[in-house]
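This report describes a protein model by its domains, its sheet and its helix packing. The sequence and structure are shown first.

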Amino acid sequence: MSIDLKSLRDEAIRAMTVTNTEEELENLRVEYFGKKGKLTNQLKALKDLTPDERARTGKEANELKAELENLLESRRRKVKEAYFNEIARKEHYDPTVIPGKFPQSYLPHTDAGHIHPISIMQQKLENIFTSMGFSIMDGPQVETDFFNFGALNFTDDHPAREMQDTFYTGDSHLLRTHTSAVQVRSMQKLRPPMRVVAPGRVFRYEEIDASHEHTFYQMEGMIIDREISTANLIHTMKTLLAGIFEKEVEVRLRPGYFPFVEPGFELDMQCSICGGKGCPVCKNSGWVEVLPCGLVHPNVLKAGGLDPTQWQGAAFGLGLNRLVMMHYAIEDIRHFQNLNTDFLFQF
Ligand code: FA5
């Protein structure tokens with residue numbers, strides 16, 4: 001090999017073996033094999049040699065070109081491999097060494113958000129009801145008199161309207177007093193047979209105390225089918241309470257009056273705050289009213305466009321706040337809305 005080619009080879013090999021980036025390799029490619037590259041110039045200069053020298057040096061120069069191209073290519077592969085290894089090293093994580101996550105209710109007090117205990121109960125109930133084939137319905141909180149009262153058999157001057165006084169807007173709408181307002185909306189929207197639950201916020205013009213709020217939550221439940229009886233109603237409510245409390249709960253059923261059911265009942269559960277002994281929550285009675293219910297009145301079925309000789313219904317209206325109070329032994333309903341995070345973080 002000529003002295004020129006030999007020194008070019010040494011120099012190129014030295015330069016190529018210390019490159020660490022693709023950019024440096026590209027610069028070397030241009031430096032040796034580019035239009036005016038060092039090796040290209042050597043090849044161009046072959047034409048000035050004698051035929052014998054040209055044959056010998058040309059062969060050597062071409063062999064050197066192949067050798068350096070191979071070296072450049074293998075170096076490029078190594079640089080690429082090192083680049084991806086570095087990414088893999090940096091981004092590698094072992095999921096088995098990530099610390100376990102505590103259930104949200106065990107988290108220490110932080111600024112992170114927290115599911116409200118009423119929402120926890122609502123989700124639990126929705127799971128129980130959807131597993132029994134119920135659909136979840138929604139209705140407006142600013143409601144018409146028709147869906148909140150009129151369609152539910154409260155005539156304009158019905159004294160029962162006084163049991164649920166509310167806040168009226170100027171345009172003959174009102175803040176709904178109960179989720180029963182969704183009953184006739186559901187009948188109009190779905191065709192029987194149907195099973196629906198309608199959770200949501202309701203409002204009443206109410207004197208506030210340990211068990212009464214002006215803004216609280218209910219969940220309506222309604223089944224419309226042929227030959228529905230009180231037995232269906234009681235079975236559904238027993239399943240519901242067993243699902244929530246995961247144990248047998250002392251309940252009592254007594255007659256209750258609501259214009260939109262006939263017959264109507266009040267299902268009370270034994271007060272879990274005082275264990276039935278009497279306290280401000282149960283007004284010293286030992287019982288808390290959580291689940292009024294009954295068979296849907298024929299006039300309500302008619303208002304929903306259904307023929308009461310063909311279809312019957314059972315309905316209940318669960319007081320969510322009070323149920324949560326019983327479940328967690330919360331002694332005052334006002335805790336739910338007083339924005340005290342120390343209270344909320346216990347759940
Ligand atoms: C009703 O609202 C009826 N719509 C329930 C119903 C539905 C009956 C379907 C028959 C068939 P009541 O006014 O009793 O009923 O309220 C239902 C539940 O809401 C009560 O049992 C209680 O748990 C809760 N509740 C009522 N008023 C308040 C209040 N001011 N604060 C907190 N919870 C309340």
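The sections below treat the domains, then the sheet and one of its strands, and finally a helix pair.

## Model and domains

The structure is a predicted model. The domain assignment of the chain gives two parts, domain 1 covering residues 3-90 and domain 2 covering residues 117-344. Between the C-alpha centres of domain 1 and domain 2 the distance is 84 Å.

## The seven-stranded sheet

An open sheet is built from seven strands, and its order reads E1-E4-E5-E9-E8-E7-E6. The pairing within this sheet is mixed.

Strand E9 spans residues 312-319 and is mostly covered, with seven of its eight residues buried. In the sheet order, E9 stands between E5 and E8.

On one flank, strand E5 (residues 215-225) runs antiparallel to E9, and eight bridges join the two. Within this pair, methionine 219 stands opposite leucine 318 of E9.

On the other flank, strand E8 (residues 287-296) also pairs with E9 in the antiparallel sense, over three bridges. Two of the residue pairings with E9 can be named: leucine 295 has alanine 314 as its bridge partner, while glycine 294 is partnered by alanine 315.

## Packing of helices H8 and H10

Helix H8 (residues 230-245) packs against helix H10 (residues 320-328) with the axes 11 Å apart. The angle between H8 and H10 is about 45 degrees, and the two helices are therefore oblique to each other.

From H8, the contact is made by Leu241, Ile244 and Phe245. H10 contributes Leu323, Met326 and His327. By class, the residues of this contact comprise five nonpolar, one polar and no charged.

How values were computed:
Residues are numbered from 1 along each chain as its sequence is written. This is a predicted model: local features need pLDDT of at least 70, side-chain atom pairs count only at pLDDT 80 or more; totals for chains, interfaces and linings use all residues. Side-chain values use heavy atoms; hydrogens and water are left out. Buried means under 20% relative accessible area, exposed over 50%, partly exposed in between (1.4 Å probe, protein chains only). Helices (H or I, at least four residues) and strands (E, at least two) are DSSP runs, numbered from the N terminus. Two strands pair if DSSP finds at least two bridges between them. Axes are lines fitted to C-alpha atoms, for helices over the stretch in contact, and angles run from 0 to 180 degrees between N-to-C directions. Angles under 35 degrees count as roughly parallel, over 145 as roughly antiparallel, 65 to 115 as roughly perpendicular and the rest as oblique. Contact means heavy atoms within 4.5 Å. Ala, Val, Leu, Ile, Met, Phe, Trp, Tyr, Cys and Pro count as nonpolar, Asp, Glu, Lys and Arg as charged, and the others, Gly among them, as polar. Domain bounds come from an automatic or database domain assignment.
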